[in-house]
Amino acid sequence: MENKTLSKIMAVAQNVLNECIRHKILNVLFIFAAAIIGGSFIIKELAPGAEKRALIDTGYASIELFGFLTLLISIFITTFEEFEMKNIWITLTKPVGRTTYTLGKFAGISLTLILNISLMFILLLGLALLNGMALDINYFLVIIGVTLSLLVTAAFSLLFSIVSTNLPTGITFSALFFFIGHLTVHLNSLADKDTTAPALKILLKAIYYILPNLSAFNLKDKVYMVDGAFNLFYIFSTLAYGLAYIVACLIITNIAFSKKEM
Amino acid sequence: MDRKQYIYLTAAALLVFAGLTFLGEQPYFKQLHTPYPFRETASVAPYAYVSGVSGFRAVTADFLWMDIVQYIGDPEIMKIRYPELGRKFSNLILMDPNFTYPYLAISGMFMFELKEREKALELIKEGMKNNPKYWIFNMYLAAYTYSMKWDATKDTRDFRKIVLNIENAMRDESHPPMLERILGSLYLKLAELEPANKQVWETRAIKHWLRMYEKPTEKLNKEYAEKKLKEFGIIN
């Protein structure tokens with residue numbers, strides 16, 4: 001029974017991945033490639049003394065931004081197409097439950113995202129090696145952090161794609177959460193200040209705990225702060241936090257989806 | 001609705017809450033997540049402010065560095081002695097205090113080009129405070145200190161110590177190219193200060209320029225070395 005459910009989830013995931021490829025979502029990669037390869041030549045001229053650092057930082061920032069773009073397009077375009085064109089009935093009339101569909105959809109989006117990030121990272125690594133950069137384990141941990149951050153983003157974006165009634169609202173909320181998600185740790189430090197008003201403190205603390213703390217996964221800004229490798233205990237803790245957040249989002253998505261009238 | 005789902009949701013939410021509380025209490029987390037300087041960075045360009053707070057501090061610092069390089073390269077601004085350089089540098093360092101190269105390059109500019117020696121020392125000390133394990137700063141600090149001492153004493157032993165510390169600082173590959181041009185000039189100055197060792201210092205200068213000419217770290221250094229080697233009749 002469990003094997004059957006898993007194979008159904010994987011079938012939905014495979015379908016989502018095929019849809020993303022059919023919609024030419026992976027074309028984002030070509031824009032990334034053009035931007036990063038072209039950018040690497042410009043950076044050499046513009047940032048003397050910090051060429052290697054600027055190249056890798058721009059690469060990570062581009063991977064995160066293009067990854068975010070990929071997941072937004074893949075979630076919202078495919079979900080709204082399914083709902084608007086009623087394609088979802090074709091899937092749901094087969095023996096595929098809504099829970100299976102939700103999990104499959106998330107797995108498919110995750111596969112698309114991981115495929116995209118891996119290809120972008122390989123290109124960035126190639127450029128870095130061509131430029132004589134000495135890479136260590138931290139540069140790989142940074143990309144794990146970026147991937148985890150985007151998977152969490154995919155989980156709450158999937159929720160918004162189900163609960164929102166139109167495309168712009170869903171995209172706006174996802175982008176807003178992605179932005180505030182990077183800010184929550186700073187908002188928490190504001191809440192800890194003595195000068196902050198009590199009501200504001202409560203609000204800031206609520207935001208800190210409810211919204212995703214994406215800065216916990218942001219290792220790209222911390223790679224120059226550490227001496228040696230990142231603390232592995234920290235990496236595993238953030239991994240556990242990220243997984244718990246994804247699970248929570250998927251359960252809420254499933255509840256919302258099961259109540260949604262189509 | 002399936003009650004199980006709500007139980008799982010509660011468990012996941014508790015795990016998120018506990019995880020975040022636990023993470024926030026870890027010294028390693030506190031060390032990595034220093035509070036963002038909201039007020040101090042208010043004067044940076046809006047794009048830099050937004051990028052900085054939204055998780056792109058390192059790359060924003062890189063772009064601020066590119067902005068500084070354009071600023072330094074402007075001949076009109078050079079004439080008025082870079083009035084905005086200190087402010088631009090502060091913004092960069094607020095964005096990423098661990099970006100070591102600008103400390104070296106900008107302090108070198110203050111020290112040797114703008115002759116604002118106290119400011120140069122201040123920048124290097126700030127770099128040391130923010131990056132205590134980056135040993136190169138010690139070399140620069142020593143060179144700057146002896147340079148100031150030399151101004152007061154005119155003792156050639158102090159001048160030799162400037163040269164020694166710059167030579168040591170240059171062993172690190174990430175040194176600013178400007179430092180190489182300065183070192184050549186310092187050898188010549190030593191040749192002038194110590195007539196008995198004139199030939200020794202001039203030979204060192206020539207060897208140094210030959211290295212700069214054969215393996216230039218930037219185009220300007222090759223041109224500079226070529227000019228000097230021609231002056232000394234080493235090349236035509």
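I began with a term: axes are lines fitted to C-alpha atoms, for helices over the stretch in contact, and angles run from 0 to 180 degrees between N-to-C directions. Helices here are DSSP runs (H or I, at least four residues), numbered from the N terminus.

**Ground rules.** I am reading a predicted model, where local features need pLDDT of at least 70 and side-chain atom pairs count only at pLDDT 80 or more, while totals for chains, interfaces and linings use all residues. Residues are numbered from 1 along each chain as its sequence is written, and chains are lettered from A in the order in which they are written.

**A helix pair in chain B.** I looked up α8(B), residues 117-130, and α9(B), residues 136-153: their axes come within 10 Å and cross at roughly 160 degrees. That makes the two helices roughly antiparallel (angles over 145 degrees).

**Who meets whom?** I found residues in contact (C-beta atoms, placed from the backbone, within 7 Å). Among them, L121(B) and I124(B) of α8(B), and F137(B) and Y140(B) of α9(B), take part in this meeting. I noted nine nonpolar residues, one polar and one charged in the contact.

**Between the chains.** Next I checked chain A against chain B: 42 residues of chain A touch 38 of chain B. On chain A's side, α3 (51-84), α7 (167-191) and α9 (232-259) each give two or more residues. The largest share, 13 residues, is from α9(A).

**Confidence.** I saw a mean pLDDT of 87 for chain B, with 100% of its residues at 70 or more; pLDDT is the predictor's confidence in each residue, from 0 to 100. The model scores ipTM 0.87 and pTM 0.84.

Note on methods
Contact = placed C-beta atoms within 7 Å. Parallel < 35°, antiparallel > 145°, perpendicular 65-115°, else oblique. Nonpolar A, V, L, I, M, F, W, Y, C, P; charged D, E, K, R; others polar.
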